[in-house]
Amino acid sequence: MPAPVRRTPRADWRKRGEIALLSGPALLLFLGFVIFPVLMAGFYGFFKWNGYGWPTEFVGLNNYVLMWQDETFRAAVSHNFIIVVLSLVMQGPIAILFALLLNQKIRGQSLIRVLIFTPYVIAEVVVGIGWSLMLQDAGALNSLLEKMGLGAWQQSWIADPAIAIWSLMIILTWKYLGFAVILMLAGMQSIPEELYEAAAIDGAGFWKMQWSITLPLLGPTIRIWAFLSIIGALQLFDLVNIIWGQYIASTAGTSTMATYMYQNGHLAGNYGFGNAVAVMLFLISLVVALVYQRLVLRRDTEGALTGPARGKRRKGRK
């Protein structure tokens, strides 16, 4: 049995130097464009500041107290979490069904994939303006319903608080469904075909195979997609601001933490308060991400560890 190769201190320093050289520029960019702005936002959040010069009017935690005392902000937080839940419930099952369809050999498969994925690559400005023109009271949808003799179905699709949130969810589903479908399809195509052949020999039907093989092996892909969907829903801004504007978003029941920050920080000229909202949005997203990673993604990340890192994780458990 050959003796293990002993690494010299010089080799260790050389390896560390290579790592520093390769990761240093990316680390500097991350510190400069992510960590530093977060720290500065936390600093400005303790001041009443109009955005010009150095802040001098220190207010401590008053911005955070005012934020949580504001019913509009609490409503925006609830809207964000409603969007999180509805995005998972609506987009997930539809994406899996579409991926199952596109994973079969059907005519026009490539064209269907392109059509499903196209909305995802369209700019949010174009999507927002297009849907706002269609859904306003005198828009294309209500006009179409009237011409079809369904005038009783006409609604204020973007102004009625009871309907606006569902209009937003339909737009979000249409916009981001293609991304979910592509992820699910990639996950399905990585499943070995031999498993389906063995199940077919045992007499399993199509849906039985999907339930017993596809969904369990698609689990890591679903969990990654759900994580991206959750973070995106918590930070939603552009489509809401474009379609509903700065005034109607809160009254229509579609405001989010990001639109609240924009309205009460940038538009109001109170940048100290806006930075405090930004910090709160960051903290809420961070807590959700850490909890999700701890409860849902933990076994996926542990399965990806190999060698000494995996051994250390197992020792830590004991």
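Tutor: Contact, in this discussion, means heavy atoms within 4.5 Å. The model is predicted, so local features need pLDDT of at least 70 and side-chain atom pairs count only at pLDDT 80 or more, while totals for chains, interfaces and linings use all residues. Residues are numbered from 1 along each chain as its sequence is written, and side-chain values use heavy atoms, with hydrogens and water left out.

Student: Which residues is T256 in contact with, leaving aside its neighbours within four places in sequence?

Tutor: They are A76, N80, I83, L236 and V240. T256 itself is found in the loop between α11 and α12. Helices here are DSSP runs (H or I, at least four residues), numbered from the N terminus.

Student: Does T256 count as buried or exposed?

Tutor: Buried means under 20% relative accessible area, exposed over 50%, and partly exposed in between, using a 1.4 Å probe and protein chains only. T256 has 0% relative accessibility and therefore counts as buried.

Student: At what angle do helix α11 and helix α12 pack?

Tutor: Axes are lines fitted to C-alpha atoms, for helices over the stretch in contact, and angles run from 0 to 180 degrees between N-to-C directions. Helix α11 (residues 238-251) and helix α12 (residues 257-267) pack at about 55°, with their axes 10 Å apart. That makes α11 oblique to α12; angles under 35 degrees count as roughly parallel, over 145 as roughly antiparallel, 65 to 115 as roughly perpendicular and the rest as oblique.

Student: Which residues make the contact?

Tutor: From α11 come V240, N241, G245, Q246 and A249, and from α12 come T259, Y262, Q263 and L267. By class, the contact of α11 with α12 has four nonpolar, five polar and no charged residues. Ala, Val, Leu, Ile, Met, Phe, Trp, Tyr, Cys and Pro count as nonpolar, Asp, Glu, Lys and Arg as charged, and the others, Gly among them, as polar.

Student: Which residues touch the most other members of the largest nonpolar core?

Tutor: A nonpolar core is a set of buried Ala, Val, Leu, Ile, Met, Phe, Trp, Tyr and Cys residues joined through side-chain atoms within 4.5 Å. Among the 58 residues of the largest one, these are M67, F73, I83, L168 and W244. Helix α7 gives the most to this core, with 13 residues.

Student: How do α3 and α7 pack?

Tutor: Their angle is about 45°, and their axes lie 7 Å apart. The contact of α3 with α7 has 23 nonpolar, three polar and no charged residues.

Notes. Helices (H or I, at least four residues) and strands (E, at least two) are DSSP runs, numbered from the N terminus.
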